[in-house]
Amino acid sequence: MKRLPSHIAVIMDGNGRWAKQQGQPRVYGHRHGVESVRQVTEACAELGVPWLTLYAFSTENWARPRTEVDALMSLLVETIKQEIDTLNKNNIRLQAIGDLAQLPSSTLEALQFAIDNTAANDRMTLVLALNYSARWEMVRAARLLAQRCVDGQLTPDAIDEQSFAAALTTAQMPDPELLIRTSGELRISNFLLWQLAYTELYFTQVFWPEFRKTHLYRAILDFQGRERRFGKISEQISG
Ligand code: IPE
Ligand code: IPE
Ligand code: MG
């Protein structure tokens, strides 16, 4: 409990393959993934992990078959509405990152309502990455900074890592200390490219719909066994 990550980010992957394994349509996997979201959120709150970010829909996911995209969007609305009471009961604040303006209006409205309704909660923040893409986010940050230069509020040489980070959608959050990706895929898939610079990466074969609290504990224990050197040498860290 002494070395808990302050921010865990999760690439929730493998819903479709899990469903296929059960002889079910892909959407069946997405539906079952909701219980994993509940478990991981609850476990982080119980442990005292203050930030949890879940990659729920990437900008690239629009390219999936229309029926799957529609099903994912309705599932999102349904789940968000359904979970507001539990979030409030557990004192969890909901936030979202991504190109939210491009979401269907019903999804955006449900999301905004839940964000506003949980804004005062302070035990933990659950961040949903929705219509998120790290390259989109970084280009957007570059554009914001460029505009501030044009407006005379900033000079190019004043742009540093701090001001760049402050122009990202994650400005108010600490960088993730632990990234978990389920389903055995070993890639980042356009998630938090800037913020993951020094994050510990953890990959598991478990498909997202079967991910439970014990799987999370295992990932945290693995994280706790690692030496984070940040460019230094081991003796400098332990000494
Ligand atoms: C993750 O599971 C959920 C989303 C990307 C929305 P997938 O739907 O990617 O499932 P697989 O990777 O095809 O098994
Ligand atoms: C990443 O999963 C996006 C989410 C988990 C929301 P994908 O299943 O879309 O990633 P790729 O396409 O296999 O890299
Ligand atoms: Mg996938």
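The largest pocket holds about 990 Å³ of space. Pockets are open sets on a 1 Å grid over the protein atoms alone, where a 1.4 Å probe fits, with protein on both sides within 12 Å along at least five of seven lines. Volume is the space filled by probe spheres set on the points. The model is predicted: local features need pLDDT of at least 70, side-chain atom pairs need 80 or more, and totals for linings use all residues. Residues are numbered from 1 along each chain, ligands from 1 in written order, and side-chain values use heavy atoms.

**Largest pocket**
- Its lining (residues with an atom within 4 Å of a point) counts 45 residues, and Met 12, Val 37, Tyr 55, Ala 56 and Trp 208 are closest to the centre.
- α2 gives the most to this lining, with 10 residues.
- The lining has 18 nonpolar, 14 polar and 13 charged residues.

**Ligand 2**
- Ligand 2 takes the space of the largest pocket; sitting there requires more than half of its atoms within 2 Å of the grid points.
- Strand β2 (residues 51–58) gives the most to the ligand's shell, with 4 residues; shell residues have a heavy atom within 4 Å.
- Oxygen atoms of ligand 2 lie 2.9 Å from a polar side-chain atom of Asn 61 and 3.2 Å from one of Arg 64.
- The protein buries 78% of the 390 Å² that ligand 2 exposes alone (Shrake-Rupley, 1.4 Å probe).

**Second largest pocket**
- Its volume is about 180 Å³.
- Among its lining residues are Glu 161, Trp 194 and Arg 228.

Note on methods: A polar contact is a pair of N or O atoms within 3.5 Å; within protein, one must be able to donate a hydrogen and the other to accept it, and residues adjacent in sequence count only if both atoms are side-chain atoms. Helices (H or I, at least four residues) and strands (E, at least two) are DSSP runs, numbered from the N terminus. Ala, Val, Leu, Ile, Met, Phe, Trp, Tyr, Cys and Pro count as nonpolar, Asp, Glu, Lys and Arg as charged, and the others, Gly among them, as polar.
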